[in-house]
Number of protein chains: 2
Amino acid sequence: MRHSVTKNWKKIGLSILVALAAAMPVAAMEAPIVPIPLHVDYDKKKAELGKVLFMDPQISADKTVSCHSCHSFDHGGADPRPVSIGVHGAKGNANAPTVYNAYFNFRQFWNGRAKDLKDQANGPLHNPVEMDMVPKEIEAYLDKNPYYHEAFREIYGTNPTYDDMLDAIAEFEKALFTPNCKFDYYLRGQTELTPLEARGYRLFKTLGCITCHNGVNIGGNSFQKFGLIVPYRWKPSFPDRYDVTHNPDDRNVYKVPTLRNIALTAPYFHDGSALTLTDALKMMAYHNLGFELEEDEIVVIEAFLKTLTGETPAILRQD
Amino acid sequence: MRHSVTKNWKKIGLSILVALAAAMPVAAMEAPIVPIPLHVDYDKKKAELGKVLFMDPQISADKTVSCHSCHSFDHGGADPRPVSIGVHGAKGNANAPTVYNAYFNFRQFWNGRAKDLKDQANGPLHNPVEMDMVPKEIEAYLDKNPYYHEAFREIYGTNPTYDDMLDAIAEFEKALFTPNCKFDYYLRGQTELTPLEARGYRLFKTLGCITCHNGVNIGGNSFQKFGLIVPYRWKPSFPDRYDVTHNPDDRNVYKVPTLRNIALTAPYFHDGSALTLTDALKMMAYHNLGFELEEDEIVVIEAFLKTLTGETPAILRQD
C-alpha cells in the first residue's frame with residue numbers, strides 16, 4: 001500500500017510520467033544510462049596547472065577561498081555545507097554541485113547559465129559572495145608567482161592571462177571523470193547487480209526517475225521543475241532558470257543534477273535542504289511524483305544509487 | 001547485564017580505574033572539566049595573516065596541500081579521511097587531530113613531540129609525505145607575493161621569514177577556540193542538561209572516562225596507553241610516544257585527544273579506525289576498560305558527547 005498525497009495528484013503524476021515516457025526518443029529508452037568513458041583526452045600539462053589553480057585561495061579577494069573550498073575532493077567534488085561560504089564568511093545561495101564529471105553536463109550551474117566549464121569557472125571568481133576578484137588582480141598575482149609565471153610561459157607561450165587561467169582550470173576539471181562505478185561494470189556486462197541493487201534499478205525505472213536521470217551523467221542533460229506535482233517553496237535568491245529567463249514558468253526549474261557519486265555528495269538539491277539520500281528520495285517522490293515512498297522502496301533505490309560511485313579521478317591519485 | 005570480555009580483565013580494569021582515581025589530585029576531582037574561556041587574547045593582524053597562510057597550498061611542494069587540507073573547518077578542524085593525504089597523493093600515518101582548541105593541549109601531535117603550536121606547524125611543512133617544503137623556498141615565495149610581502153613588513157617589520165610565518169600560523173590557531181558548547185553553559189550554571197545528557201555525563205564519570213578526559217580540553221593534558229586492558233594492534237608507523245622515547249612501554253601511548261567538538265571530527269583515534277562515535281565508544285570500552293558497553297549506555301554517552309560541540313571560532317565567522 002502506497003500512501004497517496006492525494007489521489008488526484010498521484011493520477012496527475014502518473015499521467016505526466018506516461019506522457020513524458022511517450023515523448024522520450026526511442027534511443028534513450030533503449031540505453032537510458034551510458035557508462036562514463038574509460039578515457040577522456042585532456043592536456044596533462046594544462047590540467048596539472050589547473051589543479052594548482054583550483055586549490056589556490058590566493059585568487060580570492062580575502063585569499064581564503066579556492067575552487068576546492070566548495071568543490072571538495074573529500075565529498076565527491078561537492079560541498080558538504082548546505083550553501084557555500086565565500087570570502088569574508090559570506091553565505092552563498094546554493095549547494096555547490098559536484099565538479100566530478102561536470103564536463104558531461106549539457107550546461108553548467110544549477111540554472112545552466114554557463115555553456116561550458118571555462119564559462120562556469122569565470123562565475124565564482126567574480127561573484128562578490130564567492131571569490132570576488134577582478135581579472136587584473138589575478139593576472140598580477142599569477143605573474144609575480146614564479147611557478148605560475150613559468151607554467152603559463154611554457155604552456156601558453158605568454159605571461160599569465162585570466163582567460164588562459166580559466167582554460168587551465170577547465171582542463172583540470174575535464175580530467176575529473178570517475179569511471180568504473182559498479183553500475184558501469186554492470187552496463188558493460190562485466191558484473192551482476194545484487195538482488196537488492198537490481199530491484200532498486202528496476203524501481204528507478206518504473207517510478208520514472210530515469211525519465212530525467214539518464215545519459216552518461218544520469219542527469220545533467222535537461223532542465224526540470226522541482227515541485228512538478230507538489231510545489232516546492234521558492235525564494236527569489238534560488239539560482240533557477242527564472243533567474244536567467246525571467247519567465248514565471250521557470251521558477252524552481254533547475255538543471256537535473258547528476259546521480260553519479262551521489263552517495264558522496266550530501267547534502268542534496270539546489271538549497272542543500274535534504275541532508276541524506278533518504279531525505280532526498282522522500283522529497284523527490286513527494287514533490288515530483290506526488291506520493292510517499294515505502295521504506296523498503298527507499299532501501300532498494302539507495303542500494304542502486306550506491307552502485308553509482310566511481311573511481312577517484314586518476315589526476316587526484318598517486319598511481 | 002554487562003557482557004565481560006573476561007571477568008578477569010574487567011576486574012583488572014576496575015582495579016586500575018580505582019587506583020587511577022585514588023591517585024588523581026583532589027582539585028581535578030572537584031572540577032574535572034573546565035569551560036573554554038570566552039575570550040583568548042591574540043594579535044588580530046598576525047592571526048589574519050596566519051589564516052591566509054593556513055589556507056595556502058602554495059607553501060607545499062606540489063602546491064596542492066595547505067594546513068586546511070588536513071584540518072578542515074567543515075569537520076571541526078580535523079580530517080574526515082582516516083589518514084591524511086599529502087603532496088603527490090602520499091598517504092600519511094595518522095588521522096590529523098583537530099586544530100580547534102589545540103592551543104589548550106599540553107603538547108602537540110599524537111605523540112606530543114612538539115611543545116607548542118609554532119613548533120607543531122613546523123612539522124608538516126617539512127614532512128615528505130605532508131607538504132615537503134624547505135624554508136628558503138617558502139620565504140622566496142612569500143617575498144614575491146605582494147600581499148605577504150606587505151603583511152610581513154607591516155606586522156614583523158622585515159621581509160617574510162619562515163620563523164615569522166610559523167608565528168603567524170600559530171597565532172591564527174590560537175584564535176581557533178570554540179566557546180559556549182552546551183556543556184560549558186551547564187558548567188557555568190546557565191543551562192540544564194536533558195535527562196539523557198545528564199545520565200551520559202554521570203556514566204562518563206562512573207565508567208572512568210573522565211580519568212583521562214578532563215581539564216579545559218576534556219583531554220589533551222596527559223599521555224595514556226591505547227589498549228590498557230586489551231592490547232591494540234601496533235604498527236611501527238604509528239605516531240606514538242615510542243617513536244619519541246624508544247621505550248618499549250611507550251608503544252601505543254598517545255596524547256589523550258580532546259573530546260571538544262567530538263561529534264564533528266569523525267573518524268576517530270590516531271589511525272582513524274573508528275568511523276563513528278559509536279565505534280569509538282565500543283573500542284575505548286573494550287580496549288581501555290575491558291568490557292562491552294550496553295546499547296543504552298552508548299546512547300546516553302553520545303548524548304553527553306554531543307553537548308561538547310562549541311561555537312565556530314569567531315575568526316571564521318562573518319560577524
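In this predicted model, B:Asn180 counts as partly exposed because 15 C-beta neighbours lie inside 10 Å, a number that falls between the limit of 12 or fewer for an exposed residue and that of 20 or more for a buried one. B:Asn180 is located in the loop that runs between α8 (162-174) and α9 (182-187) of chain B. The phi angle of B:Asn180 is near 65 degrees, which is a positive value in a residue other than glycine.

A positive phi in a residue other than glycine also occurs at A:Lys63, where the angle is near 65 degrees. This lysine, A:Lys63, belongs to the loop between α3 and α4 (67-70) of chain A. A:Lys63 has 25 C-beta neighbours inside 10 Å and therefore counts as buried, since the criterion for burial is 20 or more.

The backbone also contains cis peptide bonds. In chain A, the bond from A:Ala266 to A:Pro267 is cis, with omega near -5 degrees, and A:Pro267 is placed in the loop between β2 and α12 (277-289). In chain B, the peptide bond that leads from B:Ala266 to B:Pro267 is cis, with omega near -5 degrees. B:Pro267 is found in the loop between β2 (253-255) and α12 (277-289) of chain B.

At the level of domains, chain A is assigned a domain 1, made up of 7-37 and 179-314, and a domain 2, covering 44-174. A distance of 27 Å separates the C-alpha centres of domain 1 and domain 2 of chain A. Contacts between them involve 28 residues of domain 1 and 22 residues of domain 2 of chain A. On the side of domain 1 of chain A that touches domain 2, the elements α11 (242-245) and β2 (253-255) each give two or more residues. The residues of this side of domain 1 comprise 13 nonpolar, nine polar and six charged.

Between the chains, 21 residues of chain A are in contact with 21 residues of chain B. The elements of chain A that contribute two or more residues to the side touching chain B are α3 (44-54) and α7 (146-156). By class, this side of chain A holds eight nonpolar, six polar and seven charged residues.

The same surface serves both copies, as 100% of the contact residues of chain A recur in chain B.

Technical notes. Residues numbered from 1 in each chain as written. Chains lettered and ligands numbered in written order. Predicted model: local features only at pLDDT ≥ 70, side-chain atom pairs only at ≥ 80, totals over all residues. Domains from an automatic or database assignment. Contact = placed C-beta atoms within 7 Å. Helix = DSSP H or I, 4+ residues; strand = E, 2+ residues; numbered from the N terminus. Nonpolar A, V, L, I, M, F, W, Y, C, P; charged D, E, K, R; others polar.
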